[in-house]
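Dear colleague,

Please find the structure below, handed over for your records. My notes on what was found in it follow directly after.

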Amino acid sequence: MLSEDMIPQKWYNIQADMPVKPMPMLNPKTKEPVTVDDLSSLFCRECSSQELNQTDRWIDIPDEVRQRYANYRCTPLVRAYGLEEALGTPAHIYFKNESVSPIGSHKLNSALAQAYYCKQEGVTNVTTETGAGQWGAALSYAAKVFGIEAAVYQVKISYEQKPYRRSIMQVFGALVTPSPSMSTRAGKDILTRTPNHQGSLGTAISEAVELARMTPGCKYTLGSVMNHVTLHQTVIGLEAEKQMELTGEYPDIVIGCFGGGSNFGGIAFPFMRHNFSGERNTRFIAAEPASCPKLTQGKFEYDFGDEAGYTPLLPMYTLGHDFQPSNIHAGGLRYHGAGTIVSQLLKDGYMEAVDLEQTETFKAGCLFAKTEGIIPAPESCHAIAAVIREAEKCKETGEEKTILFCLSGHGLIDMTAYDQYLAGNIH
């Protein structure tokens, strides 16, 4: 099921079809809705325009970006026969394997687009944050592809737990700094309040945003949460839709792990448009960590996207921008809030959310590795654990449901986490 012809020519903009549009982002000073001009002071202009676009269903993928996609897309759609057999379930389980990208995860889908748009705008430097390091690796590589310098703030606990992620970014030429650091005012303030702060995506975003604002010719880029990021990720679901047609099946359930919403939205949104039209009645499940349960236990309210309060106010499910998550190994899911689109969809009942303990997710990841031969990233283990729950329900009821999930990345650079799990040191 690999074919360059499967690669979409357009991204799908779910905002155009949503029965209730996401509430506007607000300027924290004026409390007025932000404009493209407001966002363009931080992001490149094209991404800022895509962020606020609630009218165009389809956005053209630039030819140069699509050519870069062709280096690794269309990614495989695989039926998990081994997992089905091990579970003894009548469910048919499929996964979209995004781990085959050059940097091992789905993050490159948006990194290439953002780096391209920045280059077209004449930007010379980009900054970003990263949790587990997958987004940082993707942005570092994409920046090198388009001849831009990259600076990455990596959450300190992940910087220490995942040294090879750091090395990958450095191989691609990026400057990598553990966050919080003493290199920015935001970092200094955080460390003054909490000297042993192990970092969060909120702290790293604050530092990256500050650096972007202080550096001429520099723009900030983001790997999740924002609408334009999820837009770029819809290549996943659009490809999967075509591939599912070839199998003669259609998903009853679509599942993705959840940190800010990029891979979940990427796999889910193209299928969700058929629910809006009444053609289908697919369930959509976001799987988040129990230690950072913004969807299942957060409040829907306006909040900052970072700890220091540099970003616009976002209408989202949030645990509070000063929330400090525990040091779980799924670093890409340790974010306090959800994207505005997903938040609105959850609020309106178009999707569900479950939270899972770390031990359950690693157990699921190990079973998947044994049955399918792929060691999944700790983040992806959350999706697999949610899939297993649903497959076991099918076993109990005898229902032959079709389940599709996104394998957002491999775990080959996360083996220290698996070592700790196998040694019984993860609880």
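A salt bridge here is a side-chain nitrogen of Lys or Arg within 4 Å of a carboxyl oxygen of Asp or Glu. Arg-73, Lys-96, Glu-98 and Glu-239 are joined in a network of such bridges, and a search of the whole structure finds 17 salt bridges.

Please note that this is a predicted model, in which local features need pLDDT of at least 70 and side-chain atom pairs count only at pLDDT 80 or more, while totals for chains, interfaces and linings use all residues. Residues are numbered from 1 along each chain as its sequence is written, and side-chain values use heavy atoms, with hydrogens and water left out.

Three further salt bridges deserve a description. Below, buried means under 20% relative accessible area, exposed over 50%, and partly exposed in between (1.4 Å probe, protein chains only). Helices (H or I, at least four residues) and strands (E, at least two) are DSSP runs, numbered from the N terminus.

- Arg-45 and Asp-37 meet through their side chains at 2.8 Å, N to O. Arg-45 is partly exposed, at 42% relative accessible area, whereas Asp-37 is exposed, at 52%.
- Arg-193 and Glu-307 form a salt bridge at 3.4 Å, N to O. Arg-193 belongs to helix α9 and Glu-307 to the loop between β11 (299-304) and β12 (313-318), so the pair ties together parts 114 residues apart in sequence. Arg-193 is exposed, with 56% relative accessible area, but Glu-307 counts as buried at 10%.
- Arg-283 and Glu-352 form a salt bridge at 2.8 Å, N to O. Since Arg-283 lies in strand β10 and Glu-352 in strand β13, the pair ties together parts that are 69 residues apart in sequence.

Strands β10 and β13 also belong to an open sheet of six strands, in the order β3-β4-β14-β9-β10-β13, with mixed pairing; two strands pair if DSSP finds at least two bridges between them. At the edges stand β3 (77-79) and β13 (352-356), each with a single partner strand, so one side of each is left without a neighbour in the sheet. Within the sheet, β9 (residues 253-257) and β10 (residues 283-289) pair in the parallel sense over five bridges, and Gly-256 stands opposite Ala-286 in β10.

Strand β13 contains Leu-356, which counts as buried at 1% relative accessibility. Leaving aside neighbours within four places in sequence, Leu-356 is in contact (heavy atoms within 4.5 Å) with residues including Ala-287, Pro-289 and His-382. The C-alpha atoms of Leu-356 and His-382 are separated by 6.9 Å, with the two residues 26 apart along the chain.

Turning to the helices, the buried residues of α2 (residues 45-52) are Cys-47, Ser-48, Gln-50 and Glu-51. Seen down the axis of α2, these residues fall within an arc of 160°, so they line one face of the helix; the arc is that of the directions from the helix axis to the C-beta atoms. Among the elements covering them are β1 (10-12), α1 (36-40) and α5 (108-120).

In the contact between helices α9 and α10, Arg-185, Ala-186, Gly-187 and Ile-190 in α9 meet Thr-203, Ser-206, Glu-207 and Glu-210 in α10.

Yours sincerely
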